[in-house]
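This report describes the fold of one protein chain, going from its overall layout to individual side-chain pairs. The sequence and the structure come first.

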Amino acid sequence: MPNLDDHRADPALVDSPLSLDQVRAGLAHHEAAHAVVAAALGVPCTRVRVMRVTRADGTGWTGATSYENAPVSAYGLALIAAAGEHGELHHLAAAGLLTRATARTASSTHDRDAAINACASLGFTVVLDGPAPADPDQGATWTEVSEEARDLVAGLWPSVTAVATTLLSAPGYSLTGNEVSDIIARTSNDIEGTHHDH
């Protein structure tokens, strides 16, 4: 699987309208969404973390998710990349923090660009503007990818929040792939259990 480098290019959060705890919570949901959607597509992660980084212009926070080298379609790769932003947006909305300004902090052009490049290396075109290739096996629009990723994140939300919550209380804000898999398995069982009641 091509590498999706998930570090924000500019992690400094000097201008963020959110508090440090809110920033960390947003990042945790961002990374958890990558990991949970990847797992749903058969790509287990090896590590999920939120960490502090120092750049010339100050200190900020970022996150990273590493994946096992599992086979995945180019479209699946794009969905995994797009999921992070929707995890963060969904969390902001659920926490009553979603505004135009905070939505901008969740914007993940780095994920989008990494996905477009990774897909291109697999011969799959993801189009930002204009029509996608006529054959859906050859490409898609980023809007299509983003909307499907948003729906996946919403459907998998109990697992996303469980991973994010555990990540925020983990030493060094870091979880192993096995820990993430265990959380997803537990929450999936809970979800399946609730379906029988309807």
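## Basis and overall layout

This is a predicted model, in which local features need pLDDT of at least 70 and side-chain atom pairs count only at pLDDT 80 or more, whereas totals for chains, interfaces and linings use all residues. Residues are numbered from 1 along each chain as its sequence is written, and side-chain values use heavy atoms, with hydrogens and water left out.

The protein has seven helices and five strands. Helices (H or I, at least four residues) and strands (E, at least two) are DSSP runs, numbered from the N terminus. Along the sequence they follow the pattern α-β-β-α-α-α-β-β-α-α-β-α. Of the 198 residues in the protein, 44% are buried; buried means under 20% relative accessible area, exposed over 50% and partly exposed in between, with a 1.4 Å probe and protein chains only. Contact means heavy atoms within 4.5 Å. Among contacts between residues at least 6 apart in sequence, 69% join residues at least 24 apart.

## The sheet

An open sheet is formed by three strands in the order β2-β1-β5, with antiparallel pairing. Two strands count as paired if DSSP finds at least two bridges between them. In general, strands of a sheet pair through backbone hydrogen bonds, either parallel or antiparallel. The edge strands, β2 (58–67) and β5 (174–176), each pair on one side only. From one strand to the next, the twist averages 20°.

Strand β1 (residues 45–55) is joined to β2 by ten bridges, and the two run antiparallel. β1 and β2 form a hairpin with two residues between them. V53 has G60 in β2 as its bridge partner, and V48 stands opposite T65 in β2. β2 is mostly covered, with seven of its ten residues buried.

## Helix α6 on the sheet

Helix α6 (residues 157–169) packs on the sheet, where it touches β1 and β5, and its direction makes about 120° with that of β5. Axes are lines fitted to C-alpha atoms, for helices over the stretch in contact, and angles run from 0 to 180 degrees between N-to-C directions.

The expected span of a helix is 1.5 Å times one less than its number of residues. For the 13 residues of α6 this should give 18 Å, which agrees with the 18 Å between its end C-alpha atoms. The buried residues of α6 are W157, S159, V160, A162, V163, A164 and L167.

## Nonpolar cores

A nonpolar core is a set of buried Ala, Val, Leu, Ile, Met, Phe, Trp, Tyr and Cys residues joined through side-chain atoms within 4.5 Å. The largest has 33 residues, and V163, L175 and V180 have the most contacts inside it. At least two residues of this core come from each of α1 (20–40), β1, β2, α2 (74–94), α6 and α7 (177–195). The largest share, nine residues, is supplied by α1.

Leaving aside its neighbours within four places in sequence, V180 is in contact with A35, C45, V48, V163 and L175. A second, separate core of 14 residues includes A78, L79, C119 and V126.

## Aromatic pairs

Rings of Phe, Tyr and Trp (its six-membered ring) pair if their centres lie within 6.5 Å; planes under 30 degrees apart count as stacked, over 60 as edge-to-face and the rest as tilted. The count by this rule is two aromatic pairs. The rings of W61 and Y173 have centres 5.7 Å apart and planes at 80°, so this pair is edge-to-face. W61 in strand β2 and Y173 in the loop between α6 and β5 are 112 residues apart, so the pair links distant parts of the chain. W61 is buried, with a relative accessible area of 11%, while Y173 is partly exposed at 22%.

The rings of Y75 and F124 are also edge-to-face, because their planes stand at 70°, with centres 6.3 Å apart. Y75 lies in helix α2 and F124 in the loop between α4 (109–121) and β3 (125–127), so the pair ties together parts that are 49 residues apart in sequence. Y75 counts as partly exposed at 22% relative accessibility, and F124 is buried at 7%.

## R150 in helix α5

R150 is placed in helix α5 (residues 142–155). With a relative accessible area of 41%, R150 is partly exposed. The C-alpha atoms of R150 and G84 are separated by 9.2 Å, and the two residues are 66 residues apart along the chain.
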